[in-house]
Amino acid sequence: MRTTLSFLTFTRWILLPATLFFFSGCAGNKPQRIDLQSVKLAQKPKNIILLIGDGMALPQISAGMYWRGGLEKSVFAQFPYVGYHKSHAHDELVTDSAAGATAFACGIKTFNGAIGMKPNKKACKTILEDWEGIGKSTGIVVTCSATHATPASFIAHEDSRAFTENIALEYLNTPIDCYVGGGGYYFSKERYDHIDVKDSLRQRGYVVRNGANFKKMPMDGSAPFMLLTHDREPATASAGRTYMPNAVKEVSQYLTKRSDKGFFLLVEGSQIDWACHANDRNWLRAEMLDFEKAVQEALNFAASNGETLVIVTGDHECGGLSLNSTEAKKAFKPVFASHYHTATMVPVFAFGPQADLFKGIYENTAIYDKMKAAMPF
Ligand code: MG
Ligand code: ZN
């Protein structure tokens, strides 16, 4: 553990320019851009950070870019490799988030609503479970509940995303190293069945706390933890929710200390989707800006070691968002054509060792295949 840390410190000082260290060391409220081209990359990644913007496809990314003030300020402009995935479910052209996340987690197309389940309703082993099983450390950071479709599909196996209490219990089946996000209720005695999941987690050695403060958490890697930021769904970014970008930074460092074999971290900007369902442009704006900060923290971490593959994508488009013209010639008017998901293709951005695998146009299931090809067992 200690050797890994000192090696990281060494590579940071010797191989990377001092400016890079400066930026990675003091990312404040605004995303700090770094020169990714100067980062010396390992042959193969030791770590993978997969960031999913739920409901985020090209329209949401474009809107975020204009809201940030142009291409040179967009976090997405830094990525050297871009591809597209086709998001459709097993039997429907328009996917939901459960089938969409199961495609990333298991590499299979399944039916809408399925959590880590094949079309024949048999469980599929997820990439998080596989990597946990070979001694890598694993984590989830989201802005929804732990039981919500996207995080659930990486750790649970249910016919329906509606079985939220069961999904919480399934956190006991995989020794995930850390979780940061909402959904405290589903782990508490307040559940309808009064099962105290928090108590079971504590008996397994987890530090379980409410809030978004890492100060009392075992960030030295000494124990697994759950930081439950909200009892149910987390607040919106426009209502002052800010924990995700900092959590990406803290958790990446923590997971490095938890295993010298590397880590897998799933991050989800969950509420981009909810803003689009609600056709709420101000909510969407705040969520996109928050997600961009989280992506920047992942890039900063990856740039500090050269052995982390960062992949950013969405599970599907939502809202049929169109960037219409207005009387103000340099502005746009966001207009929604739908209250649900759409079938448009979704961009994939990659940086780090083996990032070139993510070029091209492919099925959403190929993201699983490419992650496995990039970081074999
Ligand atoms: Mg989601
Ligand atoms: Zn949705």
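Just after helix 11 of this predicted model, Gly-306 takes a positive phi of about 70°.

**Helix 11**

- At the start of helix 11, a side-chain oxygen of Asp-280 comes to within 3.1 Å of the backbone nitrogen of Asn-282.
- Just after the helix, the positive phi of about 70° belongs to Gly-306.

**Salt bridge between Asp-96 and Arg-161**

- Asp-96 and Arg-161 form a salt bridge in which the closest N and O atoms are 2.9 Å apart.
- Asp-96 is located in the loop between strand 2 (81-86) and helix 4 (97-106), and Arg-161 in the loop between helix 6 (149-152) and helix 7 (164-169), so the pair ties together parts that are 65 residues apart in sequence.
- Asp-96 has a relative accessibility of 5% and therefore counts as buried, whereas Arg-161 is partly exposed, with a relative accessible area of 28%.

**Salt bridge between Glu-363 and Lys-109**

- Glu-363 pairs with Lys-109 in a salt bridge whose closest N and O atoms are 2.8 Å apart.
- Glu-363 belongs to strand 14 (residues 360-363) and Lys-109 to the loop between helix 4 and helix 5 (127-133), so this pair ties together parts that are 254 residues apart in sequence.
- Glu-363 is partly exposed, its relative accessible area being 26%, while Lys-109 counts as buried at 16% relative accessibility, because the cut-off for that class is under 20%.

- The side chains of Arg-191 and Asp-193 meet in a salt bridge with an N to O distance of 2.8 Å.
- Arg-191 counts as buried, with a relative accessibility of 0%, whereas Asp-193 counts as partly exposed at 28%.
- Salt bridges that share partners also join Lys-86, Lys-109 and Glu-363 into one network.

Definitions and conventions
Residues numbered from 1 in each chain as written. Chains lettered and ligands numbered in written order. Predicted model: local features only at pLDDT ≥ 70, side-chain atom pairs only at ≥ 80, totals over all residues. Heavy atoms only, no water. Polar contact = N/O pair within 3.5 Å; in protein donor to acceptor, adjacent residues only side chain to side chain. Helix = DSSP H or I, 4+ residues; strand = E, 2+ residues; numbered from the N terminus. Salt bridge = Lys/Arg side-chain N within 4 Å of Asp/Glu carboxyl O. Buried < 20%, exposed > 50% of the residue type's maximum accessible area, 1.4 Å probe, protein only.
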